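Okay, thanks for coming, everyone. Please get the structure up on your screens, and I'll walk you through a few spots in it.

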Amino acid sequence: MATGRTHRPATRSRGIPEATVARLPLYLRALTALSERSVPTVSSEELAAAAGVNSAKLRKDFSYLGSYGTRGVGYDVEYLVYQISRELGLTQDWPVVIVGIGNLGAALANYGGFSARGFRVAALIDADPAMAGKPVAGMSVQHTDDLEKIIEENGVSIGVIATPAGAAQQVSERLIAAGVTSILNFAPTVLSVPDGVDVRKVDLSIELQILAFHEQRKAGEEAAAAAAGGSSVGGAAPAAAVVPPAGRAAAEARKGNPEGDHPAVMPA
């Protein structure tokens, strides 16, 4: 079986936009669920709803793959699964190393979805000498002293960083020097990498902050609606204090943004 070192996906050379690439896994997840239920075909509207996008965007995305479906029938589910898997490079073996086997790293190591989607965890690596040799997810943790050797022996091109923030940059530099060209970063820090290295950052705290913003806005809108309802019934204007700061902030954001887009949220 080919490894990640011998082949690179063709998405960029074929001019597929990055936004489309980011949606392909969503389509694949929805299609895989349909395939598991033995559904033979699916319409663009049904698949778009399952993936959480609009059907026009889905049809545009699929046009980049050369897949247009059949009028009155829809898309062949199995063929689309294969087509998207091939485009994403999931029809081959991608060996991955996870560096940092704390609570998060151990959870990632135990995640069964990697192998089901074409990724093989080749090694678990940690800087703590006490972790060396310990079994995690059926594998023995190896020390960072052997990082370069592990990457070379397994032909690894994708590294997962789950270390504390202070160690992440140094780990990324060692991974890149050893030949890793793609990094999935779970550490709460921004990595500086050279051209030609792709980094995807997963920051759970930022995602929670964004959700907190939306919860705050919804609470403010509900309070404002309740106040407006009270004034229409009783005839008296509500006191300004009825609307909490969250509601006033949301209202001001809407005034300055008539399109209704959410303002950017900067992490603390």
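Buried here means under 20% relative accessible area, exposed means over 50%, and partly exposed is in between, with a 1.4 Å probe and protein chains only. You'll find Val 160 in strand β8, residues 158-161. Helices (H or I, at least four residues) and strands (E, at least two) are DSSP runs, numbered from the N terminus. Now look across to Ser 182: Val 160 and Ser 182 are 22 residues apart in sequence, and 8.7 Å apart in space, C-alpha to C-alpha.

Before I go on, some housekeeping: this is a predicted model, where local features need pLDDT of at least 70 and side-chain atom pairs count only at pLDDT 80 or more, while totals for chains, interfaces and linings use all residues. Residues are numbered from 1 along each chain as its sequence is written, and side-chain values use heavy atoms, with hydrogens and water left out.

There's another valine to look at, Val 81 in helix α4, residues 77-87. Val 81 is buried too, at a relative accessible area of 17%. Between Val 81 and Ser 35 there are 46 residues of separation in sequence, but 8.3 Å in space from C-alpha to C-alpha.

Next, the strands. How many of the eight residues of strand β4 are buried? Six of them, so β4 (residues 119-126) is largely enclosed by the rest of the structure. Strands pair if DSSP finds at least two bridges between them. β4 runs parallel to strand β3 (residues 94-99), joined by six bridges, and there Trp 94 stands opposite Phe 119. β4 also runs parallel to β7, with two bridges, and Ile 125 has Gln 142 in β7 as its bridge partner.

On to salt bridges, meaning a side-chain nitrogen of Lys or Arg within 4 Å of a carboxyl oxygen of Asp or Glu. By that rule, the count is six. One of them joins Arg 23 to Asp 61, with the closest N and O atoms 2.7 Å apart. Arg 23 sits in helix α1 and Asp 61 in helix α3 (residues 55-65), so this pair ties together parts that are 38 residues apart in sequence. Both Arg 23 and Asp 61 are buried.

Then there's the salt bridge between Asp 93 and Arg 120, at 3.1 Å, N to O. That pair links distant parts of the chain, 27 residues apart: Asp 93 is in the loop between α4 and β3, and Arg 120 is in strand β4. Is Asp 93 buried or exposed? It's buried, with a relative accessible area of 12%, whereas Arg 120 is partly exposed at 34%.

Last stop, backbone angles. Most residues other than glycine have a negative phi, and most peptide bonds are trans. Ser 38, though, has a positive phi, near 60°. Ser 38 lies in the loop between α1 (18-36) and β1 (41-42), and Ser 38 is exposed because its relative accessible area is 62%. Ala 137 also has a positive phi, near 55°, and its place is the loop between β5 (135-136) and β6 (139-140). At 36% relative accessibility, Ala 137 counts as partly exposed.

That's my tour, so over to you.
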